[in-house]
Amino acid sequence: MEKNAKIFVAGHRGMVGSAIVRRLEQLGYRNIITRSSSEVDLRNQHQVFSFFEQEKPDYVFLAAAKVGGIYANNKYRAEFLYDNLLIEANVIHASYLNNIKKLLFLGSSCIYPRMAPQPLKESYLLTGPLEYTNEPYAIAKIAGIKLCESYRDQYGCNYISVMPTNLYGPNDNYDLAKSHVLPALLRKIHTAKVNNIPAVEVWGSGTPLREFLHVDDLAEACLFLMENYHEAELVNIGTGTDISTKNLAMLIMKVANYKGEIKFDSTKPDGTPRKLMDVSKLMALGWKPKISLEEGVRMVYKDVEQMQFAE
Ligand code: GFB
């Protein structure tokens, strides 16, 4: 991407979008355009089409989405499907109408079948039933992948799809009803430590395995792929290693120096038993993550220590 290229980062206030903007600015890109959802509601086709006609960006990072952890996905099933379908359809079609140079679409590792062989290869997409708890979100993201693929087939658009694993980092969501496991455990363990609470609650059995990538590594991978990848097939972005939710809690307890107990809440769902990404395709292209899980947790815990959580 030329340094003076006009780059639209959709979803710039979120954890992923803000990391992409941060990385673009670090690399000297100066013509970055962003809009809050109150300025341009990406679910509103007229607002999106007018914005694109007016701004005509050269590149688009489509990081805007309605996201959340297992509980939110399962509770707001209609919103996760409707909002995400509208956002991707409007932004991808507006990009086509305005002949933008390239678009990068962000999906998620939950698009793969619940019981697909591990680690998950890009070719496993649509080879089996999805995990129930996040099926609406996964279907929306699969539709986004197919939109990019179909606009490439029919109109020759250079749109690529990337599938990150579970993410964490600055600007994460710490609302316990909507967040993902890593920020939720950071908050619960920190709160337990400062308030001398003897035990913290971990949802489910503690056995599900999850892979975690720091969002700064993800941003680096997105810029790398925007520059170097021009194919139709999706690309996994991850670390290639995973950890059980129990051992994640123990890692965070070590980082926080919290000596309490873990209580497992079996009334909460485990979700997918495992969703480890096969990242050999991306690594063969020349990218690899830099931030280890322990290092990343220590970095984020420093931010959490400054946060005031309502009890
Ligand atoms: O991160 P998480 O909410 O989403 O849950 P998924 C991961 C695992 O952590 C589940 C357990 O087995 C949870 O039961 N867990 C333990 C907790 N304690 C907690 C807690 O306090 N909060 C939360 N949230 N989980 C998401 C999808 O699935 O993965 C999204 O729902 C997206 O759509 C995201 O794809 C990447 O990893 O199960």
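In this predicted model, strand 3 (residues 59-62) is covered on both faces, with Tyr59 and Phe61 buried on one side and Val60 and Leu62 buried on the other. In a regular strand the side chains alternate between the two faces of the sheet.

Strand 3 also has strand partners. Strand 1 (residues 7-10) pairs with strand 3 in the parallel sense over 4 bridges, and here isoleucine 7 has tyrosine 59 of strand 3 as its bridge partner. Strand 4 (residues 102-106) likewise pairs with strand 3 in the parallel sense, over 4 bridges, and the bridge partner of leucine 62 in strand 4 is phenylalanine 105.

Turning to the rings, a search of the whole structure finds 9 aromatic pairs. One of them joins tyrosine 174 and phenylalanine 309 in a tilted arrangement, with 5.9 Å centre to centre and 40° between the planes. This pair links distant parts of the chain, 135 residues apart, since tyrosine 174 lies in the loop between strand 6 (166-168) and helix 6 (181-194), while phenylalanine 309 lies in the segment after helix 10 (293-305). Tyrosine 174 is buried because its relative accessible area is 10%, and phenylalanine 309 counts as buried because its relative accessibility is 18%, the cut-off being under 20%. Elsewhere, Phe8, Phe51 and Phe52 form one aromatic cluster.

| Charged residue | Ring | Distance from ring centre |
|---|---|---|
| Lysine 3 | Tyrosine 29 | 4.4 Å |
| Arginine 77 | Tyrosine 132 | 3.8 Å |

Key
Residues numbered from 1 in each chain as written. Predicted model: local features only at pLDDT ≥ 70, side-chain atom pairs only at ≥ 80, totals over all residues. Heavy atoms only, no water. Phe/Tyr/Trp six-rings, centres within 6.5 Å; stacked < 30°, edge-to-face > 60°. Helix = DSSP H or I, 4+ residues; strand = E, 2+ residues; numbered from the N terminus. Buried < 20%, exposed > 50% of the residue type's maximum accessible area, 1.4 Å probe, protein only. Lys NZ or Arg CZ within 6 Å of the ring centre and 35° of its normal. Pairing = 2+ DSSP bridges.
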